[in-house]
Amino acid sequence: MNATLGRDGELRAPLLQGLWEHVRSGQEEILLSPYLPASFALLAHLLLCAPFLALDALAGSCLRVRSWRIAAGSGPPPPPPPRRWLPCFWRVLCGYGTTVLPATALLHGLRSPQLPARAPSCRQLFVEVFASLLLFDTLFFVCHVAMHRVPWLYRNTHQLHHRHHAPFALAAQDSGPLELLSLLLLSLGSAWAVGCHPLSEAAFHLLNTWLAVEDHCGYELPWALHRLLPCIGGAPHHQLHHAVHSVNFAPYFIHWDVLFGTYREPGRHSPAD
């Protein structure tokens, strides 16, 4: 039970209880749908990419926005034109429709999730989201290194993602069907392993998607999360990985790359690398 004891000795519902009851009200069938995880992931990805599509449109005429582009070679690259976004969008959509949606629907049916009556406390939500993010970051680091170090895995799963030497937001999920499926399974598995409340799980997936989109956006924004938290690599960290494939394997945090000697600080590399 997550209820707290108030000063008057009565049990009080958590701060998030009202939100959870609103979400649950008349929505149980949707929330328990086997198609929800993949649909939620795709919709969240597309919506979170929208602000960066707007930045790409503005970068052609606004010098301030163009100055935020991460430098590659002699200077900031031009923003990706619509002809790069549209094929990428169709590849992501096809990957979800043909692989991710049916596979996650099957797993969701086997898991038979339930909706608890009580919401998590704010502390529980924070702990579960942070633990899931750390676990996902660890699992992704291991899988990512394996995909680069095993030639067969690289050719058949990860090479498609590295077609983008200067990535953009939508390219965060522009991968082959197997890699796209593995990414979603890693995120779902991380939340399930931690034992997240459904509300915590939704918050984790939203944050995870945002961080992935920001990693690939191609912009070093003044308000980017890595400027506030030095433990996060951010877009410059990951864009360097797309330029130099042997460094910066972790998706978000930098501690695994530092521990295993694969960390490279953005701005300190040469084409020879």
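**Exercise 1. Surface and overall form**

How much accessible surface does the chain have, and what share of it belongs to carbon and sulfur atoms? Then judge the radius of gyration.

*Solution.* The model is predicted: local features need pLDDT of at least 70, side-chain atom pairs count only at pLDDT 80 or more, and totals for chains, interfaces and linings use all residues. Residues are numbered from 1 along each chain as its sequence is written, and side-chain values use heavy atoms, without hydrogens and water.

Step 1. The accessible surface is about 14,100 Å² (Shrake-Rupley method, 1.4 Å probe; for residues, only the protein chains shown count as cover). Carbon and sulfur atoms hold 66% of that surface.

Step 2. The radius of gyration is taken over C-alpha atoms, and the globule rule is 2.2 Å times the number of residues to the power 0.38. For 273 residues a compact globule would have a value near 19 Å; the chain has 20 Å, so the two agree.

Step 3. The C-alpha trace spans about 65 × 40 × 40 Å along its principal axes.

**Exercise 2. Elements and core**

*Solution.* Step 1. The chain has twelve helices and two strands (DSSP runs numbered from the N terminus: helices H or I, at least four residues; strands E, at least two). From the N terminus, the order is β-β-α-α-α-α-α-α-α-α-α-α-α-α.

Step 1. Of the 273 residues, 44% are buried (under 20% relative accessible area; exposed is over 50%, partly exposed in between; 1.4 Å probe, protein chains only).

Step 2. A nonpolar core is a set of buried Ala, Val, Leu, Ile, Met, Phe, Trp, Tyr and Cys residues joined through side-chain atoms within 4.5 Å. The largest has 28 residues; Phe52, Leu55, Tyr96, Tyr219 and Leu221 have the most contacts inside it. Helix 3 (36-59), helix 5 and helix 8 (177-194) each give two or more residues to this core. Helix 3 gives the most, seven.

Step 3. Apart from this core lies another, of 13 residues, including Val129 and Phe140.

**Exercise 3. Histidine 237**

Is histidine 237 buried or exposed? Name its contacts.

*Solution.* Step 1. Histidine 237 sits in helix 11 (residues 234-243).

Step 1. Its relative accessibility is 1%, so histidine 237 counts as buried.

Step 2. Leaving out residues up to four places away in sequence, histidine 237 touches Asn248, Ala250, Ile254, Asp257, Tyr263 and Pro266 (contact: heavy atoms within 4.5 Å).
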